[in-house]
Amino acid sequence: MANSKYAYVRNYELPDPLLPGCFLICRLDGHSFHRFSEEHGFTKPNDERALKLMDHAAMDVMTEYKDIVLAFGESDEFSFLLRRSTNLYNRRQAKILTTLTSYFTSCYVFHWSKYFPDTSMRYPPSFDGRIVLYPDERSVRDYFSWRQADTHINNLYNTAFWALVKQGGKTTSEAHATLRGTVSAMKQEILFQQFNINYNDISPRYKKGSVLVRVPQEAPEITSEHSAGQTVALQIPFERSTEEKKKRARTRTEVLHCDIIGDEFWMARSFILAG
């Protein structure tokens with residue numbers, strides 16, 4: 001930057017470093033996506049094309065930013081966990097937040113035609129974002145448990161709601177009134193008794209969300225199509241100890257639809273919270 005007489009204005013810029021020694025979680029949310037989904041004819045209660053597009057954009061973000069070790073997505077949101085020791089952009093909050101948000105958004109637009117080949121984008125989507133610091137492993141796990149529990153709650157409500165509207169012939173107001181005050185068991189009973197829908201048979205993608213996680217891999221693999229399966233192999237450099245760096249180590253990124261509230265997921269992948 002030129003050192004002119006006007007350079008003093010830089011003194012008005014405030015430093016915004018994030019606290020060291022904390023996990024960083026960046027959560028991105030679709031802005032006014034209720035309108036966006038209506039304008040683009042998303043299938044209710046779940047549009048698999050839209051969810052796969054979100055997964056693809058998140059996968060691209062993880063490919064670009066190696067310090068992201070885990071991501072979780074549901075509906076129009078995605079949360080990214082950066083390792084506790086990350087020094088990405090010197091931990092500058094604004095830099096990290098704006099870059100991740102803009103890159104995710106541009107990837108979403110870039111891949112749109114792959115998942116919606118017959119639907120032109122009528123106007124550009126936008127995502128807002130926030131970064132929250134978490135001090136320890138327990139709070140990180142509780143954060144992702146919260147998001148997955150929210151996924152189940154929202155999906156069960158939406159599944160029952162749209163069954164009442166699309167199959168039961170109710171108006172949206174009537175459907176909301178029918179579900180008001182009901183608990184999970186009651187919603188599942190409505191689905192089974194009135195529409196012969198067993199909630200347990202619904203795809204885990206809708207009930208549990210998408211879990212993107214890096215796992216170590218010694219040998220490179222061929223990248224597969226994002227929409228072809230639930231595991232996508234990527235040739236990505238993987239940070240190891242000094243001795244291990246002598247090897248050409250890589251990672252692959254798995255896309256799972258599994259439980260992350262219990263211990264099994266985390267015990268099998270202790271490297272996620274290792275630092």
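The model described here is predicted: local features need pLDDT of at least 70 and side-chain atom pairs pLDDT 80 or more, while totals for chains, interfaces and linings use all residues. Residues are numbered from 1 along each chain as its sequence is written, and side-chain values use heavy atoms, without hydrogens and water.

**Helices α2 and α3**

Helix α2 spans residues 48-64 and helix α3 residues 93-110; their axes come within 9 Å and cross at roughly 135°. The two helices are therefore oblique to each other. Leu-53, Met-54, Ala-57, Ala-58, Asp-60, Val-61 and Glu-64 of α2 meet Leu-100, Tyr-103, Phe-104, Cys-107 and Tyr-108 of α3, where contact means heavy atoms within 4.5 Å.

**The largest pocket**

The largest pocket has a volume of about 710 Å³. A pocket is an open set of points on a 1 Å grid where a 1.4 Å probe fits, with protein on both sides within 12 Å along at least five of seven lines; lining residues have an atom within 4 Å of a point. Of its 32 lining residues, Pro-45, Asn-46, Ser-75, Asp-76 and Asn-158 are the closest to the centre of the largest pocket. Helix α5 contributes the most to this lining, with 8 residues.

The table gives the lining by class.

| Class | Residues in the lining of the largest pocket |
|---|---|
| Nonpolar | 11 residues |
| Polar | 12 residues |

Ala, Val, Leu, Ile, Met, Phe, Trp, Tyr, Cys and Pro count as nonpolar, Asp, Glu, Lys and Arg as charged, and the others, Gly among them, as polar.

Key:
Axes fitted to C-alpha atoms, helices over the stretch in contact; angles between N-to-C directions. Helix = DSSP H or I, 4+ residues; strand = E, 2+ residues; numbered from the N terminus. Parallel < 35°, antiparallel > 145°, perpendicular 65-115°, else oblique. Points joined across faces, edges and corners; volume = space filled by probe spheres on them.
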